[in-house]
Amino acid sequence: MSLDVALALAYMLLASALLAAMAGKRIFRSTPVFFAYLCFDLGSTAAALAISRSSGFSAGYLRFFLFAYAGDLLLYLCALAELGKNLLRFNRNSHPHWEVAVLLFAGAAVVTGVLSRWAVTPGRSWLANACFLGVRIGGDLQFAGFLALAGWSGLRKSRWPERELRIANGFGFVAFVWFLVSLLQVEWSTGPVYQGLGRTTVVSTMVALGYWLNYFWIEAEREPAARAAAAGPDPASIRNRPEDAKRHGNL
């Protein structure tokens, strides 16, 4: 068994355990897009491993890789938007100002794109180069999305619930590692250095899965009561109770 296969199997084991923990405790109900993202990632990893074992890195594998990576990126950005919506709900805020988040995302995407070095690899097929550039673009957009979410919540001075904070921390760590690798991996080549860079991204994702698994399996038991207490009273319920409204200065 090669090291790459062992890493893929370890990744799938961690992802399966995390999904089982979220499903068993019904935690996925508050973050369904994040749950779908993990399911898609697990399924696409298993399919990619099966295809590579049967036909190697053929044109069919590269086409599937492009499809899987595009789906992964789309679900990742949707999961970030879901975190933003949950953040608004936790802070009892009905004014999302999504245009600010979009502007921050566009600005961060431009900055990360300028910092990256774009080049195709001579001697590779157009499909191979498309996969390589797709990974570079995806890594930049993931990091830009995380920066936009962090900047948007910072401008709003939002308080983060523990669950969403843990998910965002994992996303931020992985996105940062992917972005660093994209800066170092100028072209799609072979050799120990490039193989090590590619494995670094897998290991960083496994670290995030372990971090999430520790939280959802062990620490999330205490979260519902703490989440309700931290969020404070609902303004609508306060308005319906005169004595509480007076206490909060609404009357």
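Colleague: Between which two helices is the loop in which Lys 157 lies?

Modeller: This is a predicted model, in which local features need pLDDT of at least 70 and side-chain atom pairs count only at pLDDT 80 or more, while totals for chains, interfaces and linings use all residues. Residues are numbered from 1 along each chain as its sequence is written, and side-chain values use heavy atoms, with hydrogens and water left out. Helices (DSSP runs of H or I, at least four residues) and strands (runs of E, at least two) are numbered from the N terminus. On that basis, the loop that holds Lys 157 lies between helix H5 (126-155) and helix H6 (162-184).

Colleague: Why does Lys 157 count as exposed?

Modeller: With a 1.4 Å probe and protein chains only, a residue is called buried under 20% relative accessible area, exposed over 50%, and partly exposed in between. Lys 157 counts as exposed because its relative accessibility is 73%.

Colleague: What is the phi of Lys 157?

Modeller: Most residues other than glycine have a negative phi. Lys 157 is a residue other than glycine, yet its phi has a positive value, near 55°.

Colleague: Where is Arg 26, which has a positive phi although it is not a glycine?

Modeller: Arg 26 takes a phi of about 60°.

Colleague: How many helices does the chain have?

Modeller: Read along the sequence, the pattern is α-α-α-α-α-α-α-α-α-α. The number of strands is 0, and the number of helices is 10.

Colleague: What distance does H2 reach from its first C-alpha to its last?

Modeller: The expected span of a helix is 1.5 Å times one less than its number of residues. H2 has 24 residues, and its reach is close to the expected 34 Å, the distance from the first C-alpha to the last being 34 Å.

Colleague: Which residue of H7 forms an aromatic pair with Phe 34 of H2?

Modeller: Rings of Phe, Tyr and Trp (its six-membered ring) pair if their centres lie within 6.5 Å, and planes under 30 degrees apart count as stacked, over 60 as edge-to-face and the rest as tilted. The structure holds 16 aromatic pairs, and one of them is edge-to-face, with 5.0 Å centre to centre and 85° between the planes of Phe 34 and Trp 212. Because Phe 34 lies in helix H2 and its partner in helix H7, the pair ties together parts that are 178 residues apart in sequence, and the residue of H7 is Trp 212.

Colleague: Is Trp 212 buried or exposed?

Modeller: Phe 34 has a relative accessibility of 1% and therefore counts as buried. Trp 212 is at 4% relative accessibility, so Trp 212 also counts as buried.

Colleague: What is the angle between the planes of Phe 143 and Phe 179?

Modeller: These two rings form a stacked pair, with 4.9 Å centre to centre. Phe 143 lies in helix H5 and Phe 179 in helix H6, so the pair ties together parts that are 36 residues apart in sequence. Phe 143 is buried at 12% relative accessibility, and Phe 179 is buried at 5%. The angle between the two planes is 20°.

Colleague: Which residues does Leu 73 touch, not counting residues up to four places away in sequence?

Modeller: Leu 73 sits in helix H3 (residues 59-90) and counts as buried at 14% relative accessibility. Its C-alpha atom is separated by 9.6 Å from that of Val 135, which is 62 residues apart from it along the chain. Taking contact to mean heavy atoms within 4.5 Å, the residues that Leu 73 touches are Gly 138, Leu 141 and Gln 142.

Colleague: With which residues is Ser 204 in contact, leaving aside its neighbours within four places in sequence?

Modeller: Ser 204 belongs to helix H7 (residues 192-217). At 4% relative accessibility, Ser 204 counts as buried. The residues in contact with Ser 204 are Phe 173, Val 174, Val 177 and Trp 178.

Colleague: What is the relative accessibility of Phe 173?

Modeller: Phe 173 is found in helix H6. Phe 173 counts as partly exposed because its relative accessibility is 38%.
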